[in-house]
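Please walk me through this model, one part at a time.

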Amino acid sequence: MPPISDRTRLIAGATRRGQGRRPVNPPVERASTMLSDDPARMQDASDGPVYGLDGTSAARELRALLAQMEGGTDAFLVPSGLAAVTVPLTALLRPGDEVLTTDAVYGPTRRFLTRHLAARGITARFHPADASTEAVLTAITPRTRLLLIEAPASLTFEIADAPALAAACRERGVLTVMDNTWAAGLAFRPLAHGVDVSVQALTKYVGGHSDLLMGGIAAGAPSVLRAIANTIEDMGWHVSPDDAWLALRGVRTLPLRYEAQARSALTVAQWLKAQPEVADVLYPPLPGSVGHDLWRRDFDGAASLMGVVMKGGDTAAAHAFMRALSLFGMGYSWGGFESLTTHETPQLAHRQHAPDLSGQLLRLHVGLEDPADLIGDLEKGLKAWRALQDSNLQPSA
């Protein structure tokens, strides 16, 4: 029998046979204390969770599904997507070590590297977001312990050659951690390409309904898993049973939502690319866009998140564009059912290697709305952009 698809795998566990009459979803077990019948077995994990921190039914089933989806030996749940990044870094790095990552790294990850880890004797260095594989590898020093990969990178969507980087790092004894949120554990599987740890913000596509915060960590090597498990245990990280249940609900429909939103996003990206006010659309599935060749080679799908580079403009014009929208909400995060927009030009100031963009940078997340309606909404935004630009060109009296 050929391997089953992700669509089937993420649902099949709910309908497994041989356990008697039961609900299709595991129960929400709200418990801190677990009771035992035998004092000699109170700490025997084979009887089930010893304490609420160990996770109850929904969390354990979600972990198993994430491990299957990512191709890992095990997976862990933590309270946020940021924690999914910071836990492996905390577990695998020691004072005197160096971590190398893209200059386009997720803002809160940069803050953790330059504030929390720096105070503990761990150095972070940032390579240009568009650096070649050879340039990244050249930047590795004898102190480099870990390479942190984002593909695509935050805001500007460059795609690194993760398989090549992982293979070369393994030869050099350098660990690799990849933020795989954009691919949602579906469109790209880092562990299958040699990456040591795959992390993602389950807040985004796995949750899918913008109603929870959670992160996932998957790995295969026993030593890496043990270090991560020990760090989670020592730091007391825990995911509530209600949130685990919500994420488990979301993961059942993940492949369908992910594919539908990608189709809509490509439609929107193609339309935007043709508009005279738009200088560029940063969306790897779009032919000619940043990272397209590597995306086509390595990825089996796409998120619905993109960057839109306007022709010139300023903050006032970007805000006018956003205020004119009624279907795109103004809010952070993405991967949910709703379309969102943010203004990202100010964040570029934190980079050491500033990207050469011809105008203001907006970020769009395309939700499950009809793409024709979203395009109509964006037309209103472009009209407001034009109106402000035209008024700025009018000679003063």
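**A walk through the model**

S2, H4 and S3 form a β-α-β unit that is right-handed, meaning that, with the strands pointing away from the viewer, the path from the first strand over the helix to the second runs clockwise. Helices (H or I, at least four residues) and strands (E, at least two) are DSSP runs, numbered from the N terminus. The model is predicted: local features need pLDDT of at least 70, side-chain atom pairs count only at pLDDT 80 or more, and totals for chains, interfaces and linings use all residues. Residues are numbered from 1 along each chain as its sequence is written, and side-chain values use heavy atoms, with hydrogens and water left out.

Within this unit, strand S2 (residues 98–102) pairs with strand S3 (residues 123–127) in the parallel sense, over five bridges; two strands pair if DSSP finds at least two bridges between them. Thr101 has Phe126 in S3 as its bridge partner.

Helix H4 (residues 107–117) contains Arg110. Arg110 counts as buried because its relative accessibility is 10%, where buried means under 20% relative accessible area, exposed over 50% and partly exposed in between (1.4 Å probe, protein chains only). Leaving aside residues up to four places away in sequence, Arg110 touches Asp103, Ala104, Val105, Phe126, His350 and Arg351; contact means heavy atoms within 4.5 Å. The Arg110 side chain also reaches the backbone oxygen of His350, at 3.4 Å.

Next comes helix H2 (residues 57–70). Its 14 residues should span 20 Å at 1.5 Å a residue, and its end C-alpha atoms are 20 Å apart, which agrees; the expected span is 1.5 Å times one less than the number of residues. Buried residues of H2 include Ala58, Leu62, Leu65, Leu66 and Met69. Among the elements covering the buried residues of H2 are helix H1 (6–12), strand S1 (74–78) and helix H8 (241–252). Just after H2, Gly71 has a positive phi of about 75°.

Elsewhere there is an open sheet of five strands, in the order S8-S9-S12-S11-S10, with mixed pairing. Strand S8 (278–282) and strand S10 (329–330) stand at the edges, each with a single partner strand, so one side of each has no neighbour in the sheet. S8 and strand S9 (residues 305–310) run antiparallel and are joined by four bridges. Leu282 stands opposite Gly307 in S9. H9 packs on this sheet, touching S8, S9 and strand S12 (361–365), and its direction makes about 160° with that of S8. Such axes are lines fitted to C-alpha atoms, for helices over the stretch in contact, and angles run from 0 to 180 degrees between N-to-C directions.

Key. Polar contact = N/O pair within 3.5 Å; in protein donor to acceptor, adjacent residues only side chain to side chain.
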